[in-house]
Amino acid sequence: MTDAAEPPRTNFIRQIIEADLASGKHTQIATRFPPEPNGYLHIGHAKSIVLNFGLAQAFGGTCNLRFDDTNPHKENVEFVESIQDDVHWLGFDWNDRLYFASDYFEQLYGFAVELIGKGLAYVCDLTAEEVRTHRGTLTEPGRESPYRNRSVDENLDLFARMRAGEFEDGVRTLRARIDMASPNINLRDPVLYRVKHGVVHHQTGLAWCLYPTYDYTHPISDALEGITHSLCTLEFEDHRPLYDWCIDNVSVPCKPRQIEFSRLNLEYTLMSKRRLTELVSESHVQGWDDPRMPTIAGLRRRGYTPGAVRSFCERIGITKAENLVEMAMLESAIRDDLDASALRRMAVLRPLKVVLTNVAHGHTEQLEARNHPKDETLGTRLLPFGREIYIDRNDFEEHPPKGFKRLVPGGEVRLRNAYVMRCDEVIRDATGAVLELRASIDRETLGKNPEGRKVKGVIHWVDAQQGVAAEVRLYDRLFSVPAPGSGGADYRDQINPDSFQVLDGCVLEPALREVRPGERFQFEREGYFIVDPDSTPARPVLNLTVGLRDTWGKSQR
């Protein structure tokens, strides 16, 4: 489901698939998206979702959703359900191809027995720390385990007893028997199985106390499902020889090809599930769907659309080169999407009352305004206009800086969709702070410019009597530096203290009185906003999705 405005760009993976189909190597492709259900998906996973499901759609193939659920200590049903919701929200469907790696536990066990029978796997009694010390370094070969040459019969017996639960956690593992001198450390007799007692698996319960590792499970699951192209990020490139070794040495029905591409690294965010989990568990954010989080749930609550996320993933492309993508690219994608669809409304976020002295008490008129300046089919709405209105405090300056084009004492501005207004008097409270303004309107300027003078500024407003009280939540980038945590820094020290602000007492135009969660609007001159799930009919709550333009760079200088 790729937007027509963003046609799929060619890349090296598409070229590989095209060549495989042209040569007859495959008549139909099969891809898969294989998340581990140990957290919520983030924008980096969206890139993989769009790639895998998008390629399957483009070439008339299939894409499976498979949960790699081999680590029950960190996995649960909440994550399983959230991942399915996210894939559907992005616009993709796996139809009847929902799988779990745990579906194959019995077959995986049988393949391990096959490896033992071929002398290609053995039960090892070394502890995890001893395995690490025996593994060697990038410049020194590893040392063989003293248990490496156990007989096939002894290994089969011990492995069966591991499954039966006779041994405590960490006492014994099953390791592949490959090459302790290999320059690729991943081939130095990697662990294939480990014992985990007393953990309730979200799919299998307590049926197993013996769990396969990811590096063993993943290639075999791909082969059992008939996957043709197994796409993963570059950190798995060094694991590819082990992926191929597993497939080549057990009796699986096909031989998928693993292809690596660069992961998404996005400015001002973290893409590590472990770090994101820490942000949630340490209460630096308000949950996995906090609108500052790069999770798909967070982006959705922030007001991002599926189309904008898909468009962003298409724009950044697929390469093998690691890079840091500018946040402005993601923000540009949502602006482009919402500019065409979001209804325009007026909202005063920091109200300053203005009394129009030449408008009679009790007078109200209805002014017509278009719902969208570029799309007449979206119709119009009526704006009540009376003696008292609210404008934004930021639109008034007693001592304006150079270039200020909004309201000043004695100056004029145009009220959006209404009249030209002149500020006649500033009313202060006992402390000297500006309390309200007294102003007057030029009744000859509705829908036309005043004669004999030029008014440069245009500001928005809301009728004070019929405006709707609301809470508006302003969100900004969670971190104050482009690459949080780099150079050994603690990412916690780089959290932007201004990333979240609640404005209570905002006033919205009456057309926003009965908004529903999930509705999106452009607040004129402010930005794009979405109605939050916390919103109620009595108290609307809206979240800032993105401003009308990128002002981050200027604000940081």
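Reply: A term for charges comes first: Lys and Arg count as positive and Asp and Glu as negative, while His and the chain ends are not counted. The place of a charge is taken as NZ of Lys, CZ of Arg, CG of Asp or CD of Glu.

Me: OK, how many positive and negative side chains does the chain have?
Reply: There are 70 positive and 83 negative side chains, and the centres of the two sets lie 5 Å apart.

Me: Where does the model come from, and how is it numbered?
Reply: This is a predicted model, in which local features need pLDDT of at least 70 and side-chain atom pairs count only at pLDDT 80 or more, while totals for chains, interfaces and linings use all residues. Residues are numbered from 1 along each chain as its sequence is written, and side-chain values use heavy atoms, with hydrogens and water left out.

Me: How many helices and strands are in the chain?
Reply: The chain has 13 helices and 27 strands. These are DSSP runs numbered from the N terminus, with at least four residues (H or I) for a helix and at least two (E) for a strand.

Me: What box do the C-alpha atoms fill?
Reply: Roughly 100 × 55 × 40 Å, along the principal axes.

Me: What percentage of the residues is buried?
Reply: Buried residues make up 53% of the 557. Buried means under 20% relative accessible area, with a 1.4 Å probe and protein chains only; exposed is over 50%, and partly exposed is in between.

Me: Is helix H7 mostly covered or exposed?
Reply: Mostly covered: H7 spans residues 214–224, and eight of its 11 residues are buried. Among them are Tyr216, His218 and Asp222. Glycine 226 follows H7 and has a positive phi, near 75°.

Me: Switching topic, how many aromatic pairs does the structure hold?
Reply: It holds 17 aromatic pairs. Rings of Phe, Tyr and Trp (its six-membered ring) pair if their centres lie within 6.5 Å; planes under 30 degrees apart count as stacked, over 60 as edge-to-face and the rest as tilted. Tyrosine 40 and tryptophan 288 are a stacked pair, 5.3 Å centre to centre with 10° between the planes.

Me: Which residues form an aromatic cluster?
Reply: Phe105, Tyr109, Phe159, Tyr193, Trp208, Tyr211 and Tyr216 form one.
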